[in-house]
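Please take a moment to look over the model shown here before reading on.

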Amino acid sequence: MNDSSHDRPVVTRLVDGRICAYRPSGSAVGELAPVAVFRPVAGDELVSLAVPADLARAYYATRDGVVCVAADGQQVWRFGSAPEQGRSWSYAPNCALAPDGRSVWVYQPDVMAGRGEADLWTVLDAATGALLGRAELETVGQGGEQWVDRASGAMLLDVGEGQDGTTVYRGTLTEAGLRVEHLPWDDRCPIGMSPDGRHLLTVDHGQEDATVLALPGGEVQLTLALGDFGDDAEPEAVVEWSGGYLDADTLLLVLAGETEDEQEWFRTYRVDAHDGRVLGELTTHGEHAYDLQPLGDGSWLTRGPAGHPVRWLAR
């Protein structure tokens, strides 16, 4: 990994009501100490976090807007949505930073919030909160996750619609506003991107297989079905929406299920990212199937007892 501090990925966690930013790097393992800490505005309920490489500010989404704060908790700007209209369903907005840190991309599940007839994808100026672009989506999402599509210089948005599956979009900010393309990857949930940004690891919404797609076109590179794990694919097992790229050559995939006496189990496997060979089980030290964040450099994070991430390195 590049030794330049600004080239290291910024990881965020909400710990004891504070936004903590971390930079995993080198061979250091164990519980990470934050390199920057931000205090949210009093009374805000945070559902999504983002911190840029320069650590100058923090951004977060609440259920009713997006906020930018300085390290001392001073509000720099707030972009608000109309209050929810009494819907009882669960929903969670999502915010993410563009690679250059100059814009904040926000997924707003407004249908579930009772705010309108369409979900919104909004782009804001990171410095001022000014609206740069907005598009209506053909989804009724409960939440969404965004990815930087470095192969095209755009952003990807995966909208989860519960039992109705998922929908994936590609967004590009132009002089005319936000241009959105509906990608033909419905019911494939992105869970990880290769370190070079050229491949996307996805899991079938039905949790029966994992497939690697090439970016930006989405061509299938390889697929692993449950049967490819041999005897380890116990009856009723599923491929969890958890895992990613351990490094450029290795995927991490998680199988989960229940024993005959209804005890839940999960196992994490290393898989060759080029030919799909299952290379064996990996002990991640995670408390559950989703307590896993691969970093693409041979290491991964789990949650520590105090809420700070713990870094583990493959040996």
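Two strands are said to pair if DSSP finds at least two bridges between them, and the strands themselves (E, at least two residues), like helices (H or I, at least four residues), are DSSP runs numbered from the N terminus. With that in hand, one can see that strand β21, residues 238-247, pairs with β22 in the antiparallel sense over six bridges, and that G243 has L253 of β22 as its bridge partner. The two strands β21 and β22 make a hairpin, with two residues between them.

Before going further, a word on the source is needed. This is a predicted model, in which local features need pLDDT of at least 70 and side-chain atom pairs count only at pLDDT 80 or more, while totals for chains, interfaces and linings use all residues. Residues are numbered from 1 along each chain as its sequence is written, and side-chain values use heavy atoms, with hydrogens and water left out.

On its other pairing, β22 meets strand β23 (residues 264-272), again in the antiparallel sense, over nine bridges, and here L251 has V271 of β23 as its bridge partner. The hairpin of β22 and β23 has five residues between the strands, and in it E262 takes a positive phi near 65 degrees. Strand β22, which spans residues 250-258, is mostly covered, since eight of its nine residues are buried; buried means under 20% relative accessible area, exposed means over 50%, and partly exposed lies in between (1.4 Å probe, protein chains only).

Elsewhere, an open sheet of four antiparallel strands runs in the order β5-β6-β7-β8. Because β5 (48-50) and β8 (75-80) stand at the edges with a single partner strand each, one side of each is left without a neighbour in the sheet. From one strand to the next the twist averages 15 degrees, where axes are lines fitted to C-alpha atoms (for helices over the stretch in contact) and angles run from 0 to 180 degrees between N-to-C directions. Within this sheet, β7 (residues 65-69) pairs with β8 over five antiparallel bridges, and V69 is bridged to Q75 in β8.

A further open sheet of four strands, also with antiparallel pairing, has the order β9-β10-β11-β12. Its edge strands, β9 (94-97) and β12 (131-137), each pair on one side only. Four antiparallel bridges link β9 to β10, residues 103-108, and A96 has W105 of β10 as its bridge partner.

C68 is in no disulfide, and the nearest cysteine sulfur, that of C95, is 10 Å away. C68 counts as buried because its relative accessibility is 0%, and C189 counts as buried because its value is 8%.

The last stop is D149, which lies in strand β13, residues 143-149. Is D149 buried or exposed? It counts as buried, because its relative accessibility is 0%. Its side chain is joined to that of R170 by a polar contact of 2.9 Å, meaning a pair of N or O atoms within 3.5 Å, of which, within protein, one must be able to donate a hydrogen and the other to accept it, and residues adjacent in sequence count only if both atoms are side-chain atoms. Leaving aside neighbours within four places in sequence, D149 is in contact (heavy atoms within 4.5 Å) with A154, M155, L156, R170, M193, L215 and P216.

Definitions and conventions: A disulfide is a pair of cysteine sulfur atoms within 2.5 Å.
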